[in-house]
Amino acid sequence: MAEPRWLNEQEQQAWRAFIAAQRVVNGRIEQQLQRDAGMPHTYYEILVRLSDATDGRLRMSQLAVATLGSRSRLSHAVNRLEQVGWVRREGISSDRRGQVAILTDKGREKLKETAPGHVETVRSAVFDPLTDEQVQQLHDICAALVRDSGGSEDSAAWESS
């Protein structure tokens, strides 16, 4: 068995800073969305993806790719969004197994109500502390990590959120 490629001191510091930043940012976003909208970030992301789609509808398989999630987890989330009336599903006549998720008017209104607070939280947690150059570096680093980790090859699936 090969010797592990241990992290050097600089890599260890970068790794720990990445984990800390990820937890802080995700925690702030989750807290704001739960407090203001009663939903987790995953549900908000689904509503955003549907809002961005033509006619507010996406195949469930496309939605799974766009949200970088598993189909089973997405199906559970969409079930919950259907229960509150923010999303509905329809079958696809040309594909008996396929389904389309559709953003409802109630879901679009919820997104419209929630977006200002969410954007302010993202701005204060991520962008306010950074220079313009650091924002570009953050994008480049995150894009490289997603591509190299087997994330979506279609960068449009995650770059537009």
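The chain carries 21 positive and 23 negative side chains, and the centres of the two sets lie 9 Å apart. In this count Lys and Arg are positive and Asp and Glu negative, with His and the chain ends left out; each charge is placed at NZ of Lys, CZ of Arg, CG of Asp or CD of Glu. The model is predicted: local features need pLDDT of at least 70 and side-chain atom pairs pLDDT 80 or more, while totals for chains, interfaces and linings use all residues. Residues are numbered from 1 along each chain as its sequence is written, and side-chain values use heavy atoms, without hydrogens and water.

**Salt bridges**

- Five salt bridges are found in the whole structure, a salt bridge being a side-chain nitrogen of Lys or Arg within 4 Å of a carboxyl oxygen of Asp or Glu.
- R49 and E45 form a salt bridge at 2.6 Å, N to O; the two are four residues apart in helix α2 (residues 41-52) and therefore separated by about one helical turn.
- R49 is buried at 6% relative accessibility, and E45 is buried at 14%; buried means under 20% relative accessible area, exposed over 50%, and partly exposed in between, with a 1.4 Å probe and protein chains only.
- R35 pairs with D36 at 2.9 Å, N to O; R35 is exposed at 58%, whereas D36 is partly exposed at 43%.
- R89 meets E82 at 3.1 Å, N to O, with R89 buried at 18% and E82 partly exposed at 29%.
- A network of salt bridges links R57, R88 and E90.

**Nonpolar surface patch**

- L7, W15, F18, I141 and L145 make a nonpolar surface patch of about 500 Å².
- Patch residues have over 30% relative accessible area and no salt bridge; like charges are joined within 9 Å, and nonpolar side chains (Val, Leu, Ile, Met, Phe, Trp, Tyr) within 5 Å.
- Helices α1 (9-37) and α6 (132-148) each supply at least two residues of this patch.
- L7 lies in the segment before α1 and is partly exposed, at 45% relative accessibility.

**Overall build**

- The chain has seven helices and three strands, in the order α-α-β-α-α-β-β-α-α-α from the N terminus.
- Helices (H or I, at least four residues) and strands (E, at least two) are DSSP runs, numbered from the N terminus.
- The C-alpha trace spans about 55 × 40 × 25 Å along its principal axes.
- Of the 161 residues, 30% count as buried.
- The accessible surface is about 11100 Å², 50% of it belonging to carbon and sulfur atoms, by the Shrake-Rupley method with a 1.4 Å probe; for residues, only the protein chains shown count as cover.
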